[in-house]
Amino acid sequence: MSELNDLEQRNNRVLRKLVIGSVLMFGFAFAMVPLYDVLCDITGLNGKTSDTAASGEVQMDEDRLVTVQFVTTSSGGMVWDFTPQVRSVKVHPGEITQVNFQVKNPADHTIIGQAIPSVSPGLAAPHLLKTQCFCFDNQTLLAGGEADMPMIFYLDPALPKHINTITLSYAMFDVTERVTGNKDKLAAR
Amino acid sequence: MTAVAAHHDHHDDHHHAPHGLKRWLFSTNHKDIGTLYLWFSFAMFMVGGFMALVIRAELMYPGMQVVDPEFFNQMTTVHGLIMVFGAVMPATVGLANWMIPLMIGAPDMALPRMNNWSFWILPFAFTILIGAVLMSAFGDGNPSAPNFGWTFYAPLSTKYGPASTDLFILSVHMMGISSIMGAINVIVTVLNMRAPGMTMMKMPLFVWTWLITAFLLVAVMPVLAGAVTMMLTDRHFGTSFFDAAGGGDPVLFQHIFWFFGHPEVYIMILPSFGIVSAIIPTFARKHLFGYASMVYATASIALLSFVVWAHHMFTVGMPLAGTLFFMYMTMLISVPTGVKVFNWVATMWRGSLTFELPMKWALAFVVLFTCGGLSGLMLALTPVDFQYHDTYFVVAHFHYVLVSGAIFSIFAAAYYWLPKWSGVMPNTFLGELHFWNSLLSVNLLFFPMHFVGLAGMPRRYADYALQFADYNWWISVGAFWFGISQLLFVAVCVLCAMKKGKKAEAAPWEGAEGLEWTVPSPAPFHTFDTPPVIK
Amino acid sequence: MQSTLFRRVTAALTLLLVSGVSVASDWTERSNVNLRPGVTDISQDVFGLHVAILWVVSVIGLAVFGLIMYSAVAHRRSKRPQAATFHEHVGVEIAWTVIPFIILIFMAVPATRVLIAMDDSAESELTVKVTGYRWNWSYEYLTYQDDNDVGVFFFSNLKTPAEQYHTPVLKNGLFPYGTAADRFGVEPEEKDHNYMLAVDKPLILPAGVKVRFLVTADDVIHSFFMPDFAIKKDAIPGFVNEAWTVVPEDATGIYYGQCAELCGKNHAFMPIEVHVVAKEEFDTWIAEEKEKAASGPDLTPFANLEAAMALGKEKYNAACVLCHGAEGQGGIGLPFAGTELMNDSARIQENIDVLIKGRNAMPSFAAQLTPRDIAAVITYQRNAFGNETGDLIQPADVAK
């Protein structure tokens, strides 16, 4: 009899370990979210730029000239007219540059927008640093409202040598429901 | 035939065996639960196969003839989910339930009540999923069933998913819990319940491959559960794991999914390696060549499967270094897989071969699985993968690996062990018909898919350009032929279940070795109450 | 019913025979067996790699199958009643681990080389932003040589008319749209040569110029797949991906591609058509388009209802038909046939607003259709599918 109890105990021990193991793996799925962000920061995967302001103190490299293109998209049913004031600028790495983006809300109600940046080629993303950006926060426009939104950036002189054109894309999403918690519009879909 | 006299009169166990519905509902017996798993998976195989035929009926001719593109997408989605989670996985769990205790000399699985639970979750999980499809089918496509492919990429399945996505999430959670419990049971049984003298390196290879499969399941099914949980919170609780608008990333979903998805592929195929490694030595009358290297190859395949996942997503735009890493790792995984194939060939080499039904299926497996493996090697080369990716070439590849691979090996296992399960030999005439029809039709079905895929037909297309028309017609003919051929296997199984056929001896295959052949056929309700002695 | 079904099946069979012949005569141009070599240096490198790896796996495969066949014949029991007993051999086991490894290294080297070449999108002269929508593509020319604000933008829709693909054989059941004959009063049309590939407004590219594509999506993930350029890049909402190509100067012509990532119901109905033209021709074309874009929308009024209906039908079939059905019967979108919104003349302004601003799942079409197109589409909606309002909407009504 004691032999049986012994077996049961051993079974329960292994069972416990495996249950803990699977719970940990469930947690690992969620741990992949921050891990992925870290990986993106290091490698520029997906061209994500940092969402916090950089210091802006850096030596300018006047021997190099890099073209920075600006691309805008109103995504996922967003109705705003969203355009960059200039389509591209040529800058020296380290040179601090301001670019304005114009938005106009043609709708008859207030809309909250959030711009999501993406840089191509992805390797350039960690080297495009912003001291100020409308994309750090969401933006509210009243019905028919217009605004000029500034973005101030510089390129890290450590930008890999072979990169001479960088595209900075902003996708503007309608986050009114997300911010106000109003799900009516979503339910109607 | 080796003379084994131990037959007849094993009725002594019958007073333990409950009868009627209760026997199956409340069963804690590994053989009964194994039987339930096997019948269930076969039923799901037929349902998923029917859905495949709806797909093939639509694709037989260019133009939309049979179903709406929306319903077509539901069919591809649910066909994939049912075949992966409802047919292949439960079938291998059923085989594990039946055979592992018999092979290691254990009286039952280590956790019999949990075993009951892990099976009985499954019918409910699939009722939910199939219910969504039926509602859609009888409501003229409204409400829509899951329609985002079995890989359910965000945001198609989150922001743009139909209401039934929540049913799908619940269903996947249930399948996951069932698989995890089944896997835990296998691990505990193998680690603790082996008969005295059955050391790890004496275990049959089927037990080894299943043990490694079980560890993979425990490691990755929770990750899948995590992915669908994130989907749920994205859909209803305001998070944005996969929604760019809230700072999330749709590509993150693919990373999490394929971190589960690639080991999942090996979860489906490793038990097949075990089955084939049991059958070929039997009918070659020769020991398995390189037993130890087989074990190590299986383990290294399992480990490598954790570092190759991104080869499913070369086109999402990864940095060059990442792409190169995943390409090299993927190519590397073909080395241990090759070792396995070479070992099987060497096992046959200078044996004394006969070609009974299980051997026929096993040989078909080796040849056709190798075809699938070689096209997999082609897919590993990233620059050409850009051309192959998400075309019918990929569809051909994974159907060669999973249908003429995993499912053929499950047929091999069924013909091999049916005498042990039922006590009668499977009908040879029907079995031969089943084999030859399946072998020919499966190639007519899947081989031309390579052509249309290379020519550029993307997968999950409800309609296609005219240059793909000729081969799609042949593919559909092959599909209906293959589908109808499986009815022969229904007949084979029903005959065995009704005990119609030649009575099976305890060891019906003369070259077979292993503890399962030392008990009578059919295997009595309780076996190895006293542990056998291993020499 | 029985006979109708039979007739349709025979019709479909005949159709297939006809289409089979027309396809067969075209094998050299449109391979249906092998990978397309394509027209760019990169695509031909990829094709070379494909042929090489295909040879490698074929030889390995045939060797393995040959051994199995030989063994199955030579080592069968009637020939060898007694099996050999060996079950280990360190030498061969090491050999068949090491040799495949060496073969892999030989394959990995050229693959890496091509991959590195593909990665270099620097020094491009033309940048085109490609955006995937459910279910069409839009192209925006961003920069061309020294001009860094080209600003030419258009949508590209499937051109194959619904009459060609909409050929149901089941009257009711799972296909909610009814039969082709019921809907169109005609038997299915014969399928065009470029069935499911041609679009209403193709992407125009100059030959001999390095073109960079910035690929993104509006809603779900799509994939920009151009086999002849060896490009397949996922279009991911919120993010941009890069791809590039140089089509040689002697390879002007028409090339087709498709969406390669499941994006919902009409995933198969959003092809890509690229016209590669000589550089001079492209320069003229882009200058014209730029002028058109700058001069503002064309507000010429329609002469009569028929003129508006003709344009309306064309635009409706390109932009609306996938969701609202060829006969306004609805589907993903609302039905139009006989509905109040379409028949109440007091609600014309609401009708216009929905097209311009969108409503719920209905996207805004302000970017995709000109005011003239929108006026035509609304006129068509209100005078087709059994609706007979007689309303004629003019471009000026929409533009205000």
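A polar contact here is a pair of N or O atoms within 3.5 Å; within protein, one atom must be able to donate a hydrogen and the other to accept it, and residues adjacent in sequence count only if both atoms are side-chain atoms. By that rule, chain B and chain A share 3 residue pairs in polar contact, with both residues at pLDDT 80 or more. Please keep in mind that this is a predicted model, in which local features need pLDDT of at least 70, side-chain atom pairs count only at pLDDT 80 or more, and totals for chains, interfaces and linings use all residues. Residues are numbered from 1 along each chain as its sequence is written, chains are lettered from A and ligands numbered from 1 in the order in which they are written, and side-chain values use heavy atoms, with hydrogens and water left out.

Let us stay with chains B and A for a moment. Contact, meaning heavy atoms within 4.5 Å, involves 40 residues from chain B and 27 residues from chain A. The size of an interface is often given as the accessible area lost when the parts come together. Between chain B and chain A the buried area (the accessible area, with a 1.4 Å probe, that two parts lose on being put together, summed over both) is about 2,800 Å², and carbon and sulfur atoms give 72% of it. The count of salt bridges (a side-chain nitrogen of Lys or Arg within 4 Å of a carboxyl oxygen of Asp or Glu) between these two chains is 0. On the chain B side, helix H5 (165–192), H6 and helix H7 (250–284) each supply at least two residues; helices (H or I, at least four residues) and strands (E, at least two) are DSSP runs, numbered from the N terminus. H6(B) gives the most, with 11 residues. The chain B side divides into 26 nonpolar, 10 polar and 4 charged residues, where Ala, Val, Leu, Ile, Met, Phe, Trp, Tyr, Cys and Pro count as nonpolar, Asp, Glu, Lys and Arg as charged, and the others, Gly among them, as polar.

Leaving aside its neighbours within four places in sequence, B:Thr229 is in contact with A:Phe26, A:Phe30 and B:His173. The side chains of B:Thr229 and B:His173 are joined by a polar contact of 3.2 Å. B:Thr229 counts as buried because its relative accessibility is 19%; buried means under 20% relative accessible area, exposed over 50%, and partly exposed in between (1.4 Å probe, protein chains only).

Now turn to chains C and B. Here 100 residues of chain C are in contact with 102 residues of chain B, and the area buried between the two chains is about 9,000 Å², with 69% from carbon and sulfur atoms. The rule finds 25 residue pairs in polar contact across this interface, both residues being at pLDDT 80 or more. On the side of chain C that touches chain B, H3(C) gives the most, with 16 residues. That side has 59 nonpolar, 24 polar and 17 charged residues.

The interface of chain C and chain B also has 2 salt bridges. In a salt bridge of 2.8 Å, N to O, the side chains of C:Arg77 and B:Glu510 meet. Over all chains, the whole structure has 20 salt bridges. The C:Arg77 and B:Glu510 pair joins two chains, because C:Arg77 lies in the loop between H2 and H3 of chain C and B:Glu510 in the segment after helix H15 (469–497) of chain B. C:Arg77 is partly exposed at 30% relative accessibility, and B:Glu510 is partly exposed at 31%.

Within chain C, which has 12 helices and 10 strands, another salt bridge joins C:Asp228 and C:Arg36 at 3.1 Å, N to O. This pair links distant parts of the chain, 192 residues apart: C:Asp228 is in the loop between strand S6 (222–226) and S7, and C:Arg36 in the loop between H1 and H2. C:Asp228 is buried at 5% relative accessibility, and C:Arg36 is buried at 16%. Finally, a network of salt bridges links A:Arg87, C:Lys129, C:Glu140 and C:Asp149.
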